[in-house]
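The sequence and model are shown first.

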Amino acid sequence: MLESGEITIALPKGRLEKSVQKLFAACGIDFQFEDRKLTACSSDGKFRFFLVKNSDLPTYVRHGIAGIGICGEDVLYESGTVFTKVMRLNCGQTRMCLAGRAGAEKPQPGRKLKVASKFTRFAADYYNNLGTPIEIIKLNGSVELAPVLGLTDYIVDLVETGSTLTANRLEIIDVLKEISVYMIVNPSYYKMRYAEIDALVALLQGGQNGNG
Ligand code: PRP
């Protein structure tokens with residue numbers, strides 16, 4: 001039996017929120033989160049949006065609470081779940097980087113790399129694949145403080161504008177991966193609503209290519 005009702009979409013709180021909302025609006029899908037309210041319906045009643053913490057977004061999609069989600073590859077990778085990606089967005093591109101104090105000694109080959117990161121899975125897999133021994137200290141935010149305060153010499157973190165690094169006198173040592181933002185779907189939900197989801201993807205793709 002086909003599911004009906006609004007298409008459910010989880011959006012990440014924070015930096016991406018406004019650019020994603022703008023893309024939907026450019027495609028004629030308008031919605032507003034009222035003050036502190038975390039759910040909103042589109043004015044045409046076809047879509048229901050949930051505003052979730054970035055790192056929780058894969059959980060909502062995995063459980064099918066949201067059929068669709070918009071999420072960076074960084075968070076998707078950390079979640080450990082492989083999702084079906086139906087669209088790459090043109091906004092929110094960042095780089096996963098190894099960074100340290102400006103002028104600091106570069107990591108020495110064969111020596112254990114001690115890093116602070118929110119992205120522990122990414123950092124562990126990346127350096128394990130290179131055969132570089134690594135010790136990771138997990139932090140949940142303001143990761144740039146770690147080398148400033150001497151917790152670790154290095155961090156693995158996202159760099160977007162680079163202004164947080166610069167303000168804290170840190171610099172990029174290595175770019176580990178370019179990170180993009182994707183629209184992901186719950187596979188069961190996609191089976192039930194593929195026609196509507198494909199139509200939404202086509203609409204948004206047109207919108208971000210300037211044909212919206
Ligand atoms: C992210 C990231 C960096 C910062 C980079 O943190 O972890 O700290 O943005 O952005 P920039 O290159 O434009 O300065 P976020 O703002 O999500 O906050 P957090 O420190 O609480 O994780």
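In which strand is the place of Thr94? Thr94 is in strand E5; helices (H or I, at least four residues) and strands (E, at least two) are DSSP runs, numbered from the N terminus. The model is predicted, so local features need pLDDT of at least 70 and side-chain atom pairs count only at pLDDT 80 or more, while totals for chains, interfaces and linings use all residues. Residues are numbered from 1 along each chain as its sequence is written, and side-chain values use heavy atoms, with hydrogens and water left out.

Thr94 is buried, at a relative accessible area of 10%. Buried means under 20% relative accessible area, exposed over 50%, and partly exposed in between (1.4 Å probe, protein chains only). Not counting residues up to four places away in sequence, Thr94 touches Leu158, Val159, Glu160, Lys177, Glu178 and Ile179, where contact means heavy atoms within 4.5 Å.

Phe47 lies in strand E3 and also counts as buried, at 9% relative accessibility. Its C-alpha atom is separated by 6.0 Å from that of Thr8, 39 residues apart along the chain. Leaving aside neighbours within four places in sequence, the contacts of Phe47 include Ile7, Ile9, Ile29 and Leu200.

**Aromatic pairs**

The structure holds eight aromatic pairs. Rings of Phe, Tyr and Trp (its six-membered ring) pair if their centres lie within 6.5 Å; planes under 30 degrees apart count as stacked, over 60 as edge-to-face and the rest as tilted. Two of the pairs share Phe122:

| Pair | Centre distance | Plane angle | Class |
|---|---|---|---|
| Tyr77 and Phe122 | 5.9 Å | 75 degrees | edge-to-face |
| Phe122 and Tyr126 | 6.0 Å | 10 degrees | stacked |

Tyr77 lies in helix H3 (residues 73-79) and Phe122 in helix H4 (residues 120-130), so their pair ties together parts that are 45 residues apart in sequence. Phe122 and Tyr126 are four residues apart in H4, separated by about one helical turn. An α-helix has 3.6 residues a turn, so residues three or four places apart point the same way. Phe122 is buried, with a relative accessible area of 8%, whereas Tyr77 is partly exposed at 31% and Tyr126 is partly exposed at 24%.

Elsewhere, ring pairs link Phe24, Phe31, Phe33, Phe47 and Phe49 into a cluster.

Charges also sit over rings, by the rule that NZ of Lys or CZ of Arg is within 6 Å of the ring centre and within 35 degrees of the ring normal. Arg121 lies over the face of Tyr77, at 4.4 Å from the ring centre, and Lys85 over the face of Tyr182, at 4.5 Å.

**Helix H7**

Helix H7 (residues 187-208) has 22 residues, yet its end C-alpha atoms are only 24 Å apart, short of the 32 Å that a straight helix would reach. That expected span is 1.5 Å times one less than the number of residues. A kink of about 90 degrees is centred on Arg193; the bend at a residue is the angle between axes fitted to the seven residues ending there and the seven starting there.

Arg193 is among the buried residues of H7, which also include Tyr189, Ile197, Leu200 and Leu204. The elements covering these buried residues include helix H1 (15-26), strand E3 (47-52) and strand E5 (84-101).

Just after H7, Gly210 takes a positive phi of about 90 degrees.
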